Amino acid sequence: MTAGLALYFIERFDQTTESAAALASIFGWMNLFARGLGGFISDIMNVKSGMRGRLLWQSATMVAEGCSVIAFSKMQSLAGAIGMMVLFSLFVQTTEGSTYSIIPYVCPSATGSVAGIVGAGGNVGGVIFLLLIQRYSYEKGFVIMGFAVICSTALSFFMVFDGHAGLLCGSDANEVMAIRIQKNNVDGSEAAQAVETNITQKDDTNQTLALRSAVSNE
């Protein structure tokens with residue numbers, strides 16, 4: 001992406017190679033805090049809403065990422081393009097942070113392998129983008145990429161992890177509910193209602209006792 005941005009600044013805004021490279025490097029520098037910020041907010045959403053919260057946050061950042069890259073391609077001034085690039089990079093990195101926060105749930109026994117596959121997928125996306133700007137104009141390449149990101153957000157609605165509620169279906173396992181109640185300091189009546197709802201959906205003696213114990217400690 002950084003290489004593509006440098007070429008874009010040279011062609012669109014007549015920047016020198018040195019100036020374009022310096023401007024494009026801002027995209028990478030956002031990694032210093034934005035990726036961690038994405039994971040941090042995902043953790044907060046997990047405490048509040050479980051996996052459903054993580055998926056909501058990831059979906060929101062992906063939509064924002066797609067919209068910001070489309071807006072970036074429409075900027076007519078250098079200052080506007082730089083500002084939108086910073087915003088675009090912010091959402092790219094926070095999306096990455098939110099994605100890596102979900103990886104441990106995919107296959108707990110092979111977290112490293114899954115993380116490697118996800119990282120490789122990011123590199124593939126970068127190659128595809130460079131192919132797009134070779135075939136089309138920079139503006140059209142960015143627009144296509146933006147809409148691809150927005151459309152891929154729909155996949156989040158079909159992500160379901162064992163023991164965790166998805167965006168559209170499923171419910172948290174009792175032990176997951178117990179952990180959330182303990183971490184979230186849920187009001188007693190609200191926690192009791194959550195317990196009874198979860199028990200009605202799926203009754204397991206040991207898990208139920210653990211969940212009721214968590215509620216009684218609030």
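Colleague: How do the axes of helix 1 (residues 2-13) and helix 2 (residues 17-29) lie to each other?

Modeller: They come within 8 Å and cross at roughly 135°. Axes are lines fitted to C-alpha atoms, for helices over the stretch in contact, and angles run from 0 to 180 degrees between N-to-C directions. This is a predicted model: local features need pLDDT of at least 70, side-chain atom pairs count only at pLDDT 80 or more, and totals for chains, interfaces and linings use all residues. Residues are numbered from 1 along each chain as its sequence is written, and side-chain values use heavy atoms, without hydrogens and water.

Colleague: Why are helix 1 and helix 2 called oblique?

Modeller: Under 35 degrees is roughly parallel, over 145 roughly antiparallel, 65 to 115 roughly perpendicular, and the rest oblique. The crossing is roughly 135°. Helix 1 and helix 2 are therefore oblique to each other.

Colleague: Which residues of helix 1 and helix 2 make the contact?

Modeller: Contact means heavy atoms within 4.5 Å. Helix 1 gives Thr2, Leu5, Ala6, Phe9 and Ile10. Helix 2 gives Thr17, Ala20, Ala21, Leu23, Ala24, Ser25 and Phe27.

Colleague: How do the residues of that contact divide into nonpolar, polar and charged?

Modeller: Nine are nonpolar, three polar and none charged. Ala, Val, Leu, Ile, Met, Phe, Trp, Tyr, Cys and Pro count as nonpolar; Asp, Glu, Lys and Arg as charged; the others, Gly among them, as polar.

Colleague: How many helices and strands has the protein?

Modeller: Ten helices and zero strands. Helices (H or I, at least four residues) and strands (E, at least two) are DSSP runs, numbered from the N terminus.

Colleague: What share of the protein counts as buried?

Modeller: Of its 218 residues, 38%. Buried means under 20% relative accessible area, exposed over 50%, partly exposed in between (1.4 Å probe, protein chains only).
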